[in-house]
Amino acid sequence: MVALGAIVTLVLALPALAAPTARGKPAKCPEVAPPTVVLDGNRLLATKKEVIGLTLKCNNGNGNGNGNGNCKNKPDPKGLVPELSHLVSQANSWLPRGPWTVTAKTMDVPGGTKNDYASQAPYWWASNWQNPSTGNKCPYIQRDGIRNPEVDNYTDRLDGVRMMTASYQLALAWWYTEDAKYRQKAGEVLREWFVKPETAMTPNLAHAQIIPCKNNGRAIGIIDFSQQYTAVLDAAAILGTKKDAAWSQADEDAFKAWNAAYLTWLTDSAFGKEELAAKNNHGTFAGMQIAGIASFLGKYDLARQALNDQLPRMDLYISANGSQPLETIRPTSFHYSTFTLIAYTRMALIGANKKVNVDVWGHKTPNGAGIAKAIEYIIPAAVDGQSKWPHQETHFDRFAAYDIVNYAADQGLQAAKAAVSKLEQPPGGGLWQLRPAPEQLDSIVGVL
Ligand SMILES: *[C@@H]1O[C@H](CO)[C@@H](O)[C@H](O)[C@H]1NC(C)=O
Ligand SMILES: *[C@@H]1O[C@H](CO)[C@@H](O)[C@H](O)[C@H]1NC(C)=O
């Protein structure tokens with residue numbers, strides 16, 4: 001973001017672009033940055049102006065409003081036009097789907113109601129799993145790493161991931177294209193899950209990662225939300241730059257009230273406290289989620305405190321050479337090393353908001369390491385593949401590091417700058433320039 005100031009200044013100095021779009025309406029150049037909490041709103045604004053500048057000419061005469069492939073004569077050193085076509089096709093794939101609601105599940109929620117989010121611990125199996133027609137299901141026993149298909153009966157887990165992914169991609173597609181159909185759909189998705197009283201989720205995760213016969217939910221189930229939920233905040237912030245029937249002031253107020261209640265549950269409930277205290281990536285993601293929601297609600301002191309509380313944990317987490325010993329001992333060590341860095345880099349982005357103002361990126365651990373060192377540690381494998389990863393990994397996805405290394409390059413990390421052109425793009429295509437906030441690209445929840 002350091003280098004970005006120059007671009008923002010330059011773009012803002014230009015007069016508003018008013019050339020016609022494909023539909024003959026003047027392109028609107030917004031002057032206000034969206035109040036996103038992880039994504040840098042000023043950067044989104046500057047990038048949108050660049051995108052409009054690149055795609056306007058393409059639109060002239062050919063009626064192709066998405067800027068696809070018709071800009072051969074315009075320099076596009078950042079690759080914004082190909083990224084826009086990735087984003088638009090991802091957003092298009094959501095248009096005929098959803099909206100999703102927790103009330104659609106056929107399972108009853110033990111100790112709760114249909115409006116409660118519920119999911120089941122994936123590696124726990126009924127005692128009689130080998131012969132379900134005889135004997136007792138209870139107790140459930142752990143078979144680590146072997147996923148029980150029965151958990152899919154609780155459809156909230158996958159539907160929640162669909163809701164989060166769709167609302168984010170649709171909101172971003174609307175931001176860059178101003179095509180109302182994306183805004184319409186994104187608003188519909190958020191209203192169904194958070195706003196409409198009949199279908200809205202209760203604002204807590206008291207019934208996540210249930211082990212049948214044993215409990216009605218567990219603290220570690222908070223990860224079902226914390227790894228991705230902050231993207232939904234940015235989706236709502238983008239939609240909120242305009243108020244209309246697709247996303248109204250009343251929708252925004254209701255969504256904020258939902259978040260205020262959820263935040264209180266996260267900070268004050270026994271589950272919330274237990275998850276935040278977890279020493280592994282669960283605690284890191286829980287802290288990142290609290291910081292993001294607090295920032296979204298304008299509770300900057302709480303956001304600042306949540307980030308500052310994470311810094312001593314980073315000191316224990318990252319070794320002097322940048323490895324993450326708690327993750328490198330795991331069978332999927334590259335996956336988890338990148339996974340934790342998603343939480344750290346998103347925390348750094350939340351802290352970069354001047355109103356929060358915590359320098360997570362610049363934080364140095366007592367052994368001299370930090371996020372930059374931890375990213376340097378994964379770069380050889382991100383560039384050259386698994387042969388350069390000195391730990392066990394049963395399912396190596398080189399592209400899992402794509403966003404993280406791009407983030408570090410933007411911060412000026414030399415090794416990352418040298419690596420970006422050699423990274424593997426994630427399936428569906430990289431979106432870094434349009435959506436410069438790292439996310440988990442190697443999803444392990446299955447087909448969306
Ligand atoms: C859950 O799903 C399995 C298939 O994986 C099915 O056989 C079973 O009947 C379902 N249980 C309930 C309670 O719906
Ligand atoms: C990095 O440091 C860790 C922890 O001190 C150590 O176990 C590991 O061998 C080191 N890795 C490399 C590649 O030097």
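Trainee: Where is proline 139 found?
Mentor: Proline 139 lies in the loop between E1 and strand E2 (140-142). Strands (E, at least two residues) and helices (H or I, at least four) are DSSP runs, numbered from the N terminus. This is a predicted model, in which local features need pLDDT of at least 70 and side-chain atom pairs count only at pLDDT 80 or more, while totals for chains, interfaces and linings use all residues. Residues are numbered from 1 along each chain as its sequence is written, chains are lettered from A and ligands numbered from 1 in the order in which they are written, and side-chain values use heavy atoms, with hydrogens and water left out.

Trainee: What kind of peptide bond joins cysteine 138 and proline 139?
Mentor: That bond is cis, with omega about -5 degrees. The bond from glycine 98 to proline 99 is also cis, with omega near 0 degrees. Proline 99 sits in the loop between H3 and strand E1 (124-126).

Trainee: How confident is the predictor, by mean pLDDT of the protein chain?
Mentor: The mean is 90, and 89% of the residues reach 70 or more; pLDDT is the predictor's confidence in each residue, from 0 to 100. Over residues 1-26, however, pLDDT stays under 50. Over residues 57-71 it is below 50 as well. Where pLDDT is low, the predicted coordinates should not be read in detail.

Trainee: Why is H3 called oblique to H4?
Mentor: Helix H3 (residues 80-94) and helix H4 (residues 156-177) pack at about 130 degrees, with axes 9 Å apart. Axes are lines fitted to C-alpha atoms, for helices over the stretch in contact, and angles run from 0 to 180 degrees between N-to-C directions. Under 35 degrees counts as roughly parallel, over 145 as roughly antiparallel, 65 to 115 as roughly perpendicular, and the rest as oblique. The angle of about 130 degrees falls in the rest, so H3 is oblique to H4.

Trainee: Which residues of H3 make the contact with H4?
Mentor: Leu84, Leu87, Val88, Gln90, Ala91 and Trp94 do. Contact means heavy atoms within 4.5 Å.

Trainee: What makes leucine 233 buried?
Mentor: Buried means under 20% relative accessible area, exposed over 50%, and partly exposed in between (1.4 Å probe, protein chains only). Leucine 233 has 0%, so it is buried. Leucine 233 is in helix H7 (residues 229-239). Leaving aside neighbours within four places in sequence, its contacts include Val37, Phe255 and Phe296.

Trainee: How do you know whether histidine 363 is buried or exposed?
Mentor: Its relative accessible area is 18%, under the 20% limit, so histidine 363 is buried. Histidine 363 is in the loop between helix H13 (333-352) and helix H14 (371-384).

Trainee: Is asparagine 357 buried or exposed, and why?
Mentor: Asparagine 357 has 58% relative accessibility, over 50%, so it counts as exposed. Asparagine 357 is also in the loop between H13 and H14. Its phi is near 60 degrees, a positive value in a residue other than glycine.

Trainee: What makes glutamate 178 partly exposed?
Mentor: Its relative accessible area is 27%, which lies between 20% and 50%, so glutamate 178 is partly exposed. Phi of glutamate 178 is near 60 degrees. Most residues other than glycine have a negative phi.
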